[in-house]
Amino acid sequence: MPETLPPCPRCTSAYTYEMGALLVCPECGHEWSPAADDTAADSGDKGIKDSVGNVLADGDTVTVVNTLKVKGSPTGIKAGTKVRNIRLVDGVDGHDIDCKVDGFGPMQLKSSVVKKA
C-alpha cells in the first residue's frame, strides 16, 4: 500500500524519502524527523524567520540588509531601507513577505534579505 510522504519543509520538493527514522529531501539535502514535522503542522505557526533568526509576524517593521536590484528601476532598494507593516504570505520562489516599499510601491520580498527592526 503506497504511503504519501510530506513535502520538504525547506524547498517544498515532493520527492522526499525515508532513511531510517528521518525524512530526506534529495534536492536540497534537508533532513528532518517526521514527528517534528507533525508537531509543527499541529501548532499552526508559520515560523518565518528573518536573516538573523528572529521570528516575523504580520505588521512588523523590517530593515533590508542587502541592496536589492529591482526590474525596471535604475536604482535598487538600498541596504538599510525600512519597510513598515509587512504581511506574511505563501509567495512564489521564497518571496514570503508582502509589503509596500517607499518609492517603489507594493512588492514581495524574501525573508532572508531583511531583519526585524
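Student: Fine, but what kind of model is it, and what are the ground rules?

Tutor: This is a predicted model, in which local features need pLDDT of at least 70 and side-chain atom pairs count only at pLDDT 80 or more, while totals for chains, interfaces and linings use all residues. Residues are numbered from 1 along each chain as its sequence is written, and side-chain values use heavy atoms, with hydrogens and water left out.

Student: OK, which strands make up the sheet with β7 in it?

Tutor: Three strands form an open sheet in the order β6-β7-β8, with antiparallel pairing. Strands here are DSSP runs of E with at least two residues, numbered from the N terminus, and two strands pair if DSSP finds at least two bridges between them. β6 (87-88) and β8 (105-109) stand at the edges with a single partner strand each, so one side of each is left without a neighbour in the sheet.

Student: How many bridges hold β6 and β7 together?

Tutor: There are two bridges between β6 and β7 (residues 97-101), in the antiparallel sense; arginine 87 has aspartate 98 as its bridge partner, and leucine 88 has isoleucine 97.

Student: And how many between β7 and β8?

Tutor: β7 and β8 pair over five bridges, again antiparallel.

Student: What does Leu109 touch?

Tutor: Leucine 109, which is found in strand β8, is buried with a relative accessible area of 4%. Leaving aside residues up to four places away in sequence, leucine 109 touches Leu68, Val83, Gly94, His95, Asp96, Ile97, Cys99 and Val114, where contact means heavy atoms within 4.5 Å. The C-alpha atoms of leucine 109 and valine 64 are separated by 9.3 Å, although these residues are 45 apart along the chain.

Student: What are its volume and its make-up by class?

Tutor: The second largest pocket has a volume of about 150 Å³, taken as the space filled by probe spheres set on the grid points, which are joined across faces, edges and corners. Its lining has six nonpolar, two polar and two charged residues; Ala, Val, Leu, Ile, Met, Phe, Trp, Tyr, Cys and Pro count as nonpolar, Asp, Glu, Lys and Arg as charged, and the others, Gly among them, as polar.

Student: Now the other sheet: what is the strand order around β2?

Tutor: The order is β1-β2-β3, an open antiparallel sheet of three strands. β1 and β3 (31-32) stand at the edges, each with a single partner strand, so one side of each is left without a neighbour in the sheet. Strand β2 (residues 22-24) and β3 pair over two bridges, and valine 24 stands opposite glutamate 31 in β3.

Student: Is His30 buried or exposed?

Tutor: Histidine 30, in the loop between β2 and β3, counts as buried at 15% relative accessibility. Its side chain makes a polar contact of 3.2 Å with that of arginine 10; such a contact is a pair of N or O atoms within 3.5 Å, where within protein one must be able to donate a hydrogen and the other to accept it, and residues adjacent in sequence count only if both atoms are side-chain atoms.

Methods. 1 Å grid on protein atoms, 1.4 Å probe; cavity = no way out; pocket = protein on both sides within 12 Å on 5 of 7 lines; lining within 4 Å. Helix = DSSP H or I, 4+ residues; strand = E, 2+ residues; numbered from the N terminus. Buried < 20%, exposed > 50% of the residue type's maximum accessible area, 1.4 Å probe, protein only.
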